[in-house]
Amino acid sequence: MGEGWGWGRRGEPDWPPRATCPAREPKTVLARPCAAAATALLTGSDPASSASACRSALLSVRYGRLPPRVFSAAEPETMAKPAQGAKYRGSIRDFPDFNPSQDAETLYNAMKGFGSDKEAILELITSRSNRQRQEICQNYKSLYGKDLIADLKYELTGKFERLIVGLMRPPAYADAKEIKDAISGIGTDEKCLIEILASRTNEQIHQLVAAYKDAYERDLEADITGDTSGHFRKMLVVLLQGTREEDDVVSEDLVQQDVQDLYEAGELKWGTDEAQFIYILGNRSKQHLRLVFDEYLKTTGKPIEASIRGELSGDFEKLMLAVVKCIRSTAEYFAERLFKAMKGLGTRDNTLIRIMVSRSELDMLDIREIFRTKYEKSLYSMIKNDTSGEYKKTLLKLCGGDDDAAGQFFPEAAQVAYQMWELSAVARVELKGTVRPAGDFNPDADAKALRKAMKGLGTDEDTIIDIIAHRSNAQRQQIRQTFKSHFGRDLMADLKSELSGDLARLILGLMMPPAHYDAKQLKKAMEGAGTDEKALIEILATRTNAEIQAINKAYKEDYHKSLEDALSSDTSGHFKRILISLATGNREEGGEDRERAREDAQVAAEILEIADTTSGDKSSLETRFMMILCTRSYPHLRRVFQEFIKMTNYDVEHTIKKEMSGDVRDVFVAIVQSVKNKPLFFADKLYKSMKGAGTDEKTLTRIMVSRSEIDLLNIRREFIEKYDKSLHQAIEGDTSGHFLKALLAICGGED
């Protein structure tokens with residue numbers, strides 16, 4: 001097929017029609033799918049019955065007892081007891097033909113004599129549900145007059161013992177034991193308290209409080225109150241009440257009121273009214289809060305998480321962020337916790353054990369799906385590579401399966417991706433830069449200050465950074481003109497002679513008009529031996545039509561050669577065709593066309609070899625696929641990617657990564673990622689430029705300069721959301737000196 005075009009196999013689609021929800025007039029409110037329809041999305045259950053169930057649920061809303069304008073915000077949420085008819089989402093099930101006496105005997109024999117048969121123990125215990133394990137415990141006591149958990153503790157050791165014993169306790173008692181351990185002795189394991197209390201349902205909280213009282217003859221609230229303090233303690237106590245509202249019907253008026261109250265308690269207030277955050281996030285229903293979060297983003301231009309990070313601190317901040325994550329998706333919260341427990345050096349075994357035990361009969365399948373979608377690897381494979389021995393075997397049994405089996409993409413994870421796409425349309429985030437025009441701008445004063453900073457012996461880098469990093473590009477151009485008029489000197493030339501290294505590249509980049517800066521980066525990427533394909537891709541795959549056209553003009557002015565000619569002479573094959581297509585700046589700028597989107601999705605499915613039929617020759621399909629990605633508008637491409645998932649059960653980005661190779665794959669992936677979420681694309685690039693040994697200063701500088709007045713604030717938010725640390729912290733830990741100071745000034749603040 002030529003360079004980079006590969007082969008694949010089609011999954012079996014099973015797609016329910018999207019349910020609709022009542023909306024207010026005249027403004028339409030996009031509500032989330034109801035639980036029945038979402039369950040069908042995740043599990044492949046009968047579409048018609050699911051859609052019917054959703055419609056029935058929506059029609060059952062009783063308008064009479066609430067204000068006239070209300071809407072349903074129901075979303076799938078795994079509970080301790082699945083609703084009648086709901087698909088079971090745990091990985092551990094009741095064992096058929098269960099015989100507790102026989103199992104008790106098997107375990108007794110496995111521990112009898114010298115040593116123990118660990119394989120037999122883990123095989124049996126991970127093949128029984130928790131309810132069945134309790135029956136085994138009772139029969140063991142009756143048959144042998146011994147406590148099974150005590151015998152297991154005696155025979156087993158280390159992490160394996162902790163895992164097996166955790167499985168043998170009833171869920172509420174397992175949680176009680178974890179909390180007791182977290183608050184016993186010197187210090188407190190706040191992360192454990194946060195994880196359990198932020199994620200449990202009302203029913204689970206009530207059972208936990210009762211189990212703690214029964215097991216330790218102590219009051220859980222009193223113990224937590226005695227071991228914690230401040231607003232962190234207050235929120236934990238609120239969660240311990242287990243009184244979160246559970247009504248699926250949500251009043252729009254109350255949603256708007258809560259948004260206003262949260263905004264006034266944080267962003268608009270000198271200091272923070274923590275009590276409002278505690279009351280609203282600790283008591284409102286999950287359905288209500290999801291809509292509050294959506295409306296908060298629309299109203300303030302920032303996600304609720306950003307406000308929490310800006311207004312709160314310490315363990316209280318971590319707790320509130322965990323609550324928000326669990327409101328949005330408990331399964332996604334645990335997928336993230338599991339990933340962080342295993343990434344990097346060492347493993348947080350207590351966290352890994354606690355989650356695998358507590359979620360194995362609740363939502364492990366959902367966690368697996370989200371894990372696969374979010375981290376591009378299966379939970380099974382990560383456990384396998386990060387643990388060992390019987391401990392590993394037990395965890396893998398609890399996981400319940402490898403979603404990377406046979407190298408295929410997990411179809412249900414694609415369906416989760418589709419849901420995420422649909423829900424992401426609720427709000428369009430306003431793009432914001434971090435560098436804005438300076439108030440009371442005085443180009444004459446700035447020009448004189450810069451001249452003074454560079455005159456005589458030595459250079460005042462701090463003054464240069466303070467002025468240039470806090471002026472917009474348009475203001476910098478005025479400073480250049482004024483500098484020339486006053487002193488008859490070229491400011492750029494003076495800066496170049498006074499500064500050096502990374503700082504010089506950064507400051508000079510800021511002084512150039514954006515189009516000329518991009519043109520220079522493209523020129524540098526193509527000059528000399530070798531080509532910097534990553535820089536070419538980053539710029540050409542992410543710029544708007546207007547930006548591309550301005551770059552073409554600047555390139556011609558500065559280098560007396562067209563950008564197209566330069567690309568033609570420095571690249572080849574399909575990669576060259578794609579870059580030249582992008583460099584024309586002729587991407588459509590309209591909205592989506594659903595009918596054409598389905599046709600485009602079919603072309604994508606055929607060229608990626610996961611469609612049942614082929615409607616044209618390979619060469620024609622390649623051209624059409626390239627044209628689709630390089631010329632369709634962003635809103636239309638978003639719809640194409642959604643239709644692709646519906647059609648194939650695959651995500652287009654994952655499929656391109658799997659089926660293609662080389663520069664063609666990289667440029668197509670960059671286009672897709674840019675269409676999906678451009679700030680996240682740049683956040684990933686920034687993270688990779690600073691992770692590991694050494695720093696890619698060129699990429700770091702290029703992105704910080706080029707995005708500073710466009711969407712660097714959005715990039716910052718995506719960075720902290722994905723990597724759990726701020727861009728400010730990453731820069732601080734990876735750079736130094738005046739280069740560091742200048743980067744932090746452009747970054748614009750600590751999240």
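The second largest cavity holds about 50 Å³ of space. A cavity is a set of points on a 1 Å grid, over the protein atoms alone, where a 1.4 Å probe fits but cannot get out; its volume is the space filled by probe spheres set on the points. The model is predicted, with local features needing pLDDT of at least 70, side-chain atom pairs pLDDT 80 or more, and totals for chains, interfaces and linings using all residues. Residues are numbered from 1 along each chain, and side-chain values use heavy atoms, without hydrogens and water.

Searching the whole structure gives two cavities of 30 Å³ or more. Lining residues (an atom within 4 Å of a point) of the second largest cavity are D600, A604, F625, I628, L629, V640, F641, F644 and V652. Helix 34 (594-607), helix 35 (618-631) and helix 36 (634-648) each contribute at least two residues to this lining; helices are DSSP runs (H or I, at least four residues), numbered from the N terminus. Eight residues of the lining are nonpolar (Ala, Val, Leu, Ile, Met, Phe, Trp, Tyr, Cys and Pro), none are polar (the others, Gly among them) and one is charged (Asp, Glu, Lys and Arg).

Elsewhere, the axes (lines fitted to C-alpha atoms over the stretch in contact) of helix 15 (residues 286-300) and helix 17 (residues 314-328) come within 9 Å and cross at roughly 105 degrees. Helix 15 is therefore roughly perpendicular (65 to 115 degrees) to helix 17. In contact (heavy atoms within 4.5 Å) are K286, L289, R290 and F293 of helix 15 with V324, C326, I327 and R328 of helix 17.

Helix 9 (residues 190-199) is largely enclosed by the rest of the structure, because eight of its ten residues are buried, meaning under 20% relative accessible area with a 1.4 Å probe and protein chains only.

Methods:
Axes fitted to C-alpha atoms, helices over the stretch in contact; angles between N-to-C directions. Parallel < 35°, antiparallel > 145°, perpendicular 65-115°, else oblique. 1 Å grid on protein atoms, 1.4 Å probe; cavity = no way out; pocket = protein on both sides within 12 Å on 5 of 7 lines; lining within 4 Å. Buried < 20%, exposed > 50% of the residue type's maximum accessible area, 1.4 Å probe, protein only.
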